[in-house]
Structure formats: structure tokens, C-alpha cells
Amino acid sequence: MRRTNELTLLPKLPLLITESADEFDALRDAFEQEIKPRGIIEQMYVHDICAIVWEILRLRRCKVVIINSAFRNALQSLLKPVLRQPGQYEYQVEGEAEALAQAWFTDQEAKKQVSEILAGFDLDESAIEAEAIRRSSSDLELLDRMLTSLESRRNKALGCVAEYRASLAQQLRESAERIIDRKGVLRLEDAASEHSTAA
Amino acid sequence: MASERQIAANRRNARKSTGPRSGAGRKRASRNAYRHGLTSSITSTAAYAKQLAKLVREIAGDSKDTIVLERARAIAQAELDLARVRRAKVALIERASAFGELDPPQLTVTQMIRFVNAFERGRPIPKPIDALATMPSKEPDRSAEAVRQVLPELRKLDRYERRAAVRRHRAVLDFFGGMRPDYNR
């Protein structure tokens with residue numbers, strides 16, 4: 001009951017239309033089981049960690065898709081110089097390279113043909129991937145910077161929970177000592193008053 | 001560099017201008033410094049103020065101590081700032097996914113010359129590229145492309161988010177420097 005109240009107080013994390021709210025809830029439940037937040041402040045930190053991890057997952061998915069979507073253009077640009085015969089210009093083989101790059105995704109024969117052409121230059125499919133990464137390097141670099149920043153923030157947020165709990169433990173220790181001291185003072189006062197009445 | 005006389009004349013002329021006079025003009029000028037609104041006060045709308053008050057009460061508990069309430073307010077404000085930046089991030093991605101771009105591309109000088117030449121010679125005017133048509137139609141490619149398009153903006157927003165998180169953590173430590181949290185509530 002308490003948990004529901006705290007969660008409704010905290011702003012709900014907005015998700016993309018294509019993202020699953022159930023998956024996010026499952027992620028949050030997993031973190032809550034692990035960290036076992038107590039009180040609104042710890043709930044805030046856990047909420048924060050979940051939001052950061054969710055964004056990390058989103059950007060990682062994007063990274064893969066960005067590389068994959070650069071494959072066709074990468075293959076096309078890789079095929080142009082290898083298809084070109086001596087005395088030919090690249091634009092003369094542009095159509096063939098485009099058709100072969102298109103067919104590579106759906107036609108096994110085309111895939112085999114591309115592998116053979118590349119093998120003639122001691123290249124394999126990893127050359128296509130390398131070209132795809134090279135072509136999207138500026139986006140990937142930005143994505144990597146954001147991922148690094150998010151990962152460091154996630155670690156800091158985890159550290160914040162620990163720091164908060166440590167400061168709380170310290171405060172509880174200090175409060176306990178104060179109470180013990182006060183009791184000690186009272187005991188001494190009681191003893192003093194007993195002495196005075198006896199006298 | 002302006003001479004003494006020019007500076008004096010500029011100052012005299014500036015005194016004659018007192019800014020916009022009409023209501024609409026004053027309203028427009030009041031938003032001159034507005035850029036993205038992320039650093040503005042969170043209490044600028046009634047809904048935010050209500051949410052802020054609820055969160056402050058939850059953090060501070062039954063305390064009526066002004067300092068405790070002020071510290072709780074700092075935590076709540078930073079928390080709502082974080083939420084606002086996160087909403088802005090998602091809204092940007094959704095917008096890029098829906099329209100294919102954030103801002104319409106500006107025509108280059110060459111494109112303008114081509115446009116004018118085509119118009120003068122009665123040739124068909126080149127159609128602008130439809131950004132939406134360049135977006136992948138299927139998921140997750142479309143979302144990834146939208147994220148790719150708004151990456152520079154996301155990075156800027158990330159900096160705001162980081163600052164808000166630091167501010168909240170400092171506020172939390174300040175808050176518990178003054179009072180003990182009640183875990184049994």
C-alpha cells in the first residue's frame with residue numbers, strides 16, 4: 001500500500017509509444033527486489049536508476065539498428081571498386097553494385113556471389129560490417145558518449161543509495177549515542193539526588 | 001570603435017525608446033529570453049505546484065520546521081526537474097519519429113538559385129525532399145532513426161539531467177544533515 005502511494009507521488013517515467021510498459025515494470029521490480037528501497041528518498045534513487053538503465057537499453061538497441069541499416073549502402077560502396085574492371089569508372093558499375101547489394105539481403109545466390117567477389121580480394125563479410133560502422137561512425141561516437149555518460153550516472157546513482165544509507169546509519173549511531181548519554185546523565189542525577197536525601 | 005559623441009548620442013536616443021507599448025508587444029517581449037524552458041522555475045504551472053507540494057509533504061513528513069520544509073522542497077524540485085527533462089527527451093524522439101525531422105531544412109544558396117532559375121524559365125520547380133518519406137516504416141528501425149536524428153539534442157538534455165541529479169543528491173544529504181528519516185512511516 002505504502003509502495004503504491006510513493007510511486008504515484010513520483011513522476012511516471014515517460015516511455016516511447018513502441019516501448020513496453022510491462023517490460024519497464026519488470027525492470028523496476030527487479031531493481032526494487034535487489035535494492036529493497038525504504039522510504040520515498042530511496043524510491044527516488046531506484047526510480048532514477050531504472051530510468052537510466054532503460055535509456056541505456058534504448059540506446060544500445062539503436063546502436064545495433066544504426067549499424068544494420070547502414071549495411072546496404074556499405075555493401076554498395078564496397079562493391080563499386082571491386083566490380084570495376086581496368087579502364088572502367090565507378091559510375092559505370094553503380095547499377096550492378098546497387099542491384100547486388102539489394103539482392104544480398106533476400107537472395108542466397110546473390111549472397112554467395114558477393115562472398116566470392118569479396119574473397120577475390122581476401123575480404124569477407126566482416127569487411128561489410130566494418131564499412132557500415134565506418135559510415136555511421138559519427139552517430140556511433142555520439143551514442144557511445146551518451147552511453148558512457150549514462151553508465152557513469154547509473155553507477156553514481158547506485159553510489160548515492162549507499163552514501164545515503166551510510167549517512168543515515170551515521171545519524172542513527174549519533175542519535176543512539178545521544179540517548180545513551182542522556183540516560184547516563186539522568187542516572188548520575190538520580191544517584192546525586194538519592195545521596196542528598198540520605199544525608 | 002564609437003566616439004564619445006556617438007556614445008552620448010546613442011544613450012540619448014536609447015532613453016527615447018521605452019520598449020513595446022501595446023499589450024501584445026509587451027507580452028511578446030516578456031518571452032524574449034525564453035529558449036527551452038528547462039531551467040525555468042518548476043512552479044510555473046498550477047499542476048506542477050500541486051505535485052511539488054505533495055512530494056514536499058511526503059519527504060518532510062509531519063514536520064513544520066521551515067528549514068526542513070525548505071530542504072524537502074529542494075529535493076522535490078530537483079526530482080520534478082529530472083522528470084521534466086526525461087519527458088522532453090521522449091517527446092523529441094516521438095516528434096522525430098512522427099515528422100521525420102525536428103526543423104525543416106534551410107535552403108542553401110545553390111538550391112535557391114536553382115529554384116529561381118527554374119521559376120524564371122518556366123521549368124517544373126524542384127520539389128523539396130519529404131523528410132517523412134526517408135523514415136523507415138517498420139520498428140525498431142523507425143525509432144532508431146528518430147533517436148539518431150535527435151542525438152545532439154539528447155546529449156544537451158543529458159547535461160541538464162545530470163545537473164538535476166547532482167542537485168537532488170546534494171539536497172538529500174543537506175536534508176538528512178538536519179533530520180532523521182522515518183522508515184516506519
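Read along the sequence, chain A runs α-α-α-α-α-α-α-α, that is, eight helices and zero strands, where helices (H or I, at least four residues) and strands (E, at least two) are DSSP runs numbered from the N terminus. Please keep in mind that this is a predicted model, in which local features need pLDDT of at least 70 and side-chain atom pairs count only at pLDDT 80 or more, while totals for chains, interfaces and linings use all residues. Residues are numbered from 1 along each chain as its sequence is written, and chains are lettered from A, and ligands numbered from 1, in the order in which they are written.

On confidence, pLDDT is the predictor's confidence in each residue, from 0 to 100; chain A averages 83, with 87% of the residues scoring at least 70. Within chain A, helix H2 (residues 21–35) has the highest mean, at 92, and helix H1 (residues 2–9) the lowest, at 54. Over residues 1–5 of chain A the pLDDT is below 50, and beyond near neighbours in sequence this stretch has zero contacts in the model, a contact being two residues whose C-beta atoms, placed from the backbone, lie within 7 Å.

Turning to the contact between the chains, chain A gives 34 residues and chain B gives 32. On the side of chain A that touches chain B, the elements giving two or more residues are helix H3 (39–69) and helix H8 (137–198) of chain A, and H8(A) gives the most, with 14 residues.

Now to helix H4 (residues 71–83) of chain A, where Ala74(A), Leu75(A), Leu78(A) and Leu79(A) are buried, meaning that 20 or more other C-beta atoms lie within 10 Å of a residue's own, against 12 or fewer for exposed and anything in between for partly exposed, with C-beta atoms placed from the backbone. Why do we say that the buried residues of H4(A) line one face of the helix? Seen down the axis of H4(A), they fall within an arc of 125 degrees, so they line one face, the arc being that of the directions from the helix axis to the C-beta atoms. What covers these buried residues includes helix H5 (94–103) and helix H7 (125–135) of chain A.

Finally, Ser77(A) also lies in helix H4 of chain A, and it counts as partly exposed because it has 17 C-beta neighbours inside 10 Å. Ser77(A) and Glu90(A) are 13 residues apart in sequence and 9.7 Å apart in space, C-alpha to C-alpha.
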